[in-house]
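Hi everyone, thanks for coming. I'd like to walk you through a few spots in this one, so please have a look at it first.

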Amino acid sequence: LGESAYNDALPDVVSSLKACGLSTDSEGASIIRFPEDTDPKSIANTVLVVQKQDGAFLYGTTDLATLEYRKKTWNPNRIIYVTDTRQQLHFRQVFHIWNRWRTLRGEEDIAEPALIHTWFGMLKLPEGAMSSRKGNVIRLIDLMDESVRRARMVTDAKSGHLSEDERKNIAEAVGLAAIRYSDLAQNPQTDVQFTWDKVLSLEGNTAPFLMYSYARGRGIQRKSGRAEHNMDSLMIHAPIARELVLLLLKFPVVVEMSQQNCKPNLLCDYLYTIADCFNRFYNLCPVLSAESEPIKNARLSLVECTLCILEKGLSLLGIEALDRM
């Protein structure tokens, strides 16, 4: 819902806060003071304005009304706010006052919903922060177009045997995935300096590298001539195979860590490690020219295991795994 959806509820929020003794009048405005002994200390000696002198309401008022609505409508276990780092104080104030407000109204279990603010750093240009006022803003549509254009150049150079439509679709998928992954792969709470080459890189810990590793694995399967691919013949036959299997087994733990900590970069780093190990595996352990049929089948099973994890991991990041590149 948009911010205006809560307008009718805002006067009641202010009235209730005052009735509960949480807000006071100050020069015609309604404010909430956080005294020196407030826990957490980060909001001690600060003020949250809930209604201005002219009667206008502020973000804090709307956020409190929004929390009330979400609690009554969905009764969620967790509410996660995603904003930039500059909003940390604001959300600490809002979370603190909402829980106090609920306690004073007689609500017993204020542990739920858990209120989580996961902030992200700023995307900056080499010359400083982006600013619409200064006119130095990178528009998303321009970034997407440039990424697809660069991906198309690489696709045309390396995959000329594919049809025009296939190369177009690959460039679109790879170009957009590169942008998405470059954002998600960063530690969200650090500032990032924007450069075209870094964001749109097709090498290293990037979406194109992961997607190519996946497509390479599907290519191995196609060349095997097998109609079906399964993991029935999996066995550990080499140190690199053992290393890869142990990495694959960590997938559920990594997904849970990423989700609990609101850090998709943990999943990105893990998938990159998988892809890197997978590349070393098929270089050290040829699959199609294996020394025996049982070994070949074992390696094909490990290929399928790896592709299942890569495909699921990329899907969680909103990235399509391509069978051909």
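S159 is buried, with a relative accessible area of 4%; buried means under 20%, exposed over 50% and partly exposed in between, using a 1.4 Å probe and protein chains only. You'll find S159 in the loop between α4 (140–158) and α5 (164–184). Leaving aside residues up to four places away in sequence, S159 touches R167 and M325, where a contact means heavy atoms within 4.5 Å. Helices here are DSSP runs of H or I with at least four residues, strands are E runs of at least two, and both are numbered from the N terminus.

A quick word on the source: this is a predicted model, where local features need pLDDT of at least 70 and side-chain atom pairs count only at pLDDT 80 or more, while totals for chains, interfaces and linings use all residues. Residues are numbered from 1 along each chain as its sequence is written, and side-chain values use heavy atoms, with hydrogens and water left out.

Okay, salt bridges. How many are there in the whole structure? The search finds 19, each being a side-chain nitrogen of Lys or Arg within 4 Å of a carboxyl oxygen of Asp or Glu. Take R105 and E68, at 2.8 Å, N to O. They're 37 residues apart, with R105 in the loop between α3 (88–104) and β5 (114–120) and E68 in helix α2 (residues 59–74). E68 is buried at 12%, whereas R105 is partly exposed at 34%. R105 also forms a salt bridge with E107, the closest N and O atoms being 3.9 Å apart.

Back in helix α4, R150 and E146 sit four residues apart, about one turn of the helix, and their salt bridge has its closest N and O atoms 2.9 Å apart.
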